[in-house]
Structure formats: structure tokens, C-alpha cells
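Please open the model in a viewer and follow the selections below in order. Each stop names what to select and then describes what is found there.

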2 protein chains.
Amino acid sequence: MLALADPTRRAILQRLGSGEARVTELAAPFAMSLNAVSKHIRVLERAELVSRRRAGREHFLSLNPKPLDEAAAWIDEQRRFWTQSLDALERALAEHED
Amino acid sequence: MLALADPTRRAILQRLGSGEARVTELAAPFAMSLNAVSKHIRVLERAELVSRRRAGREHFLSLNPKPLDEAAAWIDEQRRFWTQSLDALERALAEHED
DNA sequence: CTTTCATTCAACCTATTGGTTGAATATGGA
DNA sequence: TCCATATTCAACCAATAGGTTGAATGAAAG
């Protein structure tokens with residue numbers, strides 16, 4: 001499963017961009033149960049996108065920066081491909097239009 | 001649905017990176033029916049990640065470069081967030097270790 | 001024409017996803 | 001000690017995703 005595929009999870013990541021937060025805080029903005037958000041967090045954890053720090057009964061979540069770099073690398077790689085094929089297309093069109 | 005979420009679809013995109021291809025060609029490497037691949041292609045089309053050129057009974061698919069730039073922009077934006085919070089974390093750790 | 005080839009359409013099946021609710025666990029505070 | 005709070009666990013449910021097969025469409029080739 002791709003953890004980034006779900007909009008709720010992307011929103012959670014975005015929220016964590018401005019600092020760590022507890023489960024309850026993360027859940028607050030959403031029109032769904034705390035349990036549902038707890039599950040989403042678990043998915044993000046399994047994907048190693050966030051990490052958890054327990055302090056008594058409160059769990060603080062924060063972003064884990066590593067996998068993002070991998071994602072960016074993947075996109076960059078793809079981009080090279082695409083740009084390449086765009087160039088080829090442009091050349092082809094130029095020839096055709098003469 | 002996030003079109004990039006499926007590994008088959010990512011493989012198709014990667015294949016299209018080296019030039020346009022027909023449905024049958026795209027389907028060949030996969031251990032699934034032609035129909036299944038045809039469906040994946042439709043998803044990629046709806047997401048405007050690929051476009052189709054019909055020539056007789058053959059359909060040629062090729063990459064559509066626009067949405068990739070959007071994706072890259074999104075990732076870059078996220079990256080800024082993450083880097084930021086990493087810095088904060090490092091500062092916090094430094095203080096703590098004294 | 002009839003047949004073959006490239007592709008999609010339509011109906012169907014199963015596993016997974018994203019959600020629910022209710023109970024369990026464990027910490028904190030009166 | 002007793003109750004409230006923070007969180008997870010477990011069982012369940014509906015919708016969707018990804019696959020299948022078989023028939024339909026439409027172009028090419030004999």
C-alpha cells in the first residue's frame with residue numbers, strides 16, 4: 001500500500017510539518033473518529049514516514065525525513081525520462097511542420 | 001484514487017519513458033490479462049499522466065509531462081517543511097545533550 | 001466477405017481499504 | 001482509591017480496487 005495515497009494521511013503529514021503533535025490533536029480537524037485517525041497514523045508509521053515518542057499516556061508524532069528524500073529522488077529520475085521524451089516530441093513536431 | 005499508487009501503473013509510466021508504445025506492447029511484460037493493463041492505462045489517462053494517439057486499430061500511448069511538474073512541486077514544498085522540522089529537532093537534541 | 005488482430009465494454013469476484021463502534025489498557029489527577 | 005483522559009485493540013461493515021472471463025467493436029489482411 002502506498003501510504004501517501006490517502007488524502008487524510010497527506011493532511012496529517014502536512015500538519016506535522018509545523019511540529020510534533022499528539023494523536024488527539026491530529027484527529028481534531030477531521031470529521032472522523034479518533035480511531036480512524038489512529039489507524040492512519042499506524043500506516044504512516046509502518047511506512048516510516050512518521051515516528052512516535054511516548055510520554056506517559058500521550059503519544060507525540062513527528063515527521064521522519066528520510067523516505068521523503070527517496071520520493072524526491074524517484075520523481076527526479078522520472079522527470080529526466082519525461083523531459084527526454086518531450087524533447088523528442090518537439091523535434092518530431094518541428095520536422096513535421098516544415 | 002492516486003494513479004501513482006499502483007506498481008503496475010508506475011512500471012507502465014517507466015516503460016513509456018523510453019518512447020510511446022501500443023497497449024499490447026505495454027501489457028506483454030506483465031503476468032496479467034491484456035484487459036487488466038487496458039484498465040490501468042485508462043486510469044493513467046484519466047489522471048492525465050499519459051495520452052493516447054489512435055492509428056487504425058492500434059492505440060499508441062505516450063507520457064504527458066505536465067502533471068509530473070505539479071508532483072515535483074508538491075514534493076519540493078513538503079521537503080521544505082520536513083527539512084525545517086529536522087533542523088528544529090537537531091537544535092532540541094543539541095540542547096538536551098549538554 | 002471472412003478471418004484475424006487490437007482494443008474496449010460489461011459483468012462478475014475477491015481482497016483490501018477506510019471507516020464504524022465498543023471494550024481494553026494504562027497514565028494522570030481528585 | 002476512583003474517575004477521567006489518551007490511546008490502542010478487536011470485530012465488524014460498506015465501498016472500491018484490481019483482477020478475471022466472455023462478448024462487442026472496428027480495422028487490416030487473406
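Select Glu48(A) in this predicted model; Glu48(A) sits in the loop that joins H3 to strand S2 (50-55) of chain A. Display its backbone torsions: phi of Glu48(A) is near 60°, a positive value in a residue other than glycine. As background, most residues other than glycine have a negative phi. Is Glu48(A) buried or exposed? Glu48(A) is exposed, its relative accessible area being 53%.

Next, select Glu48(B), which is placed in the loop between H3 and strand S2 (50-55) of chain B. Glu48(B) is not a glycine, yet has a positive phi of about 60°. With a relative accessibility of 53%, Glu48(B) counts as exposed.

Now turn to DNA strand D and select the protein residues around it. There are 23 such residues, and the closest are Thr24(A), Arg52(A), Asn35(B), Lys39(B) and His40(B). Which elements supply at least two residues each of the surface near DNA strand D? In chain A they are helix H2 (23-27), helix H3 (34-46) and strand S3 (58-63), and in chain B helix H3 (34-46). Colour H3(A) separately: with five residues, H3(A) gives the largest share of this surface.

Of the atoms of DNA strand D within 4 Å of the protein, 57% belong to sugar or phosphate, and the rest belong to bases.

- Select Arg57(A): an N or O atom in its side chain is 3.0 Å from a base oxygen of DNA strand D.
- Select Val23(A): a polar backbone atom of this residue is 3.4 Å from a phosphate oxygen of DNA strand D.
- Select Asp6(B): a polar atom of its side chain lies 3.4 Å from a phosphate oxygen of DNA strand D.

Finally, colour chain A by pLDDT. The average for chain A is 76, and 65% of the residues score at least 70. Where in chain A does pLDDT stay under 50? Select residues 81-98 of chain A, over which pLDDT stays under 50. For this segment the model has eleven contacts beyond four places in sequence.

Key: Residues are numbered from 1 along each chain as its sequence is written. Chains are lettered from A and ligands numbered from 1 in the order in which they are written. This is a predicted model: local features need pLDDT of at least 70, side-chain atom pairs count only at pLDDT 80 or more; totals for chains, interfaces and linings use all residues. Side-chain values use heavy atoms; hydrogens and water are left out. pLDDT is the predictor's confidence in each residue, from 0 to 100. Contact means heavy atoms within 4.5 Å. A residue is near a molecule or strand if one of its heavy atoms lies within 4 Å of it. A polar contact is a pair of N or O atoms within 3.5 Å; within protein, one must be able to donate a hydrogen and the other to accept it, and residues adjacent in sequence count only if both atoms are side-chain atoms. Helices (H or I, at least four residues) and strands (E, at least two) are DSSP runs, numbered from the N terminus. Buried means under 20% relative accessible area, exposed over 50%, partly exposed in between (1.4 Å probe, protein chains only).
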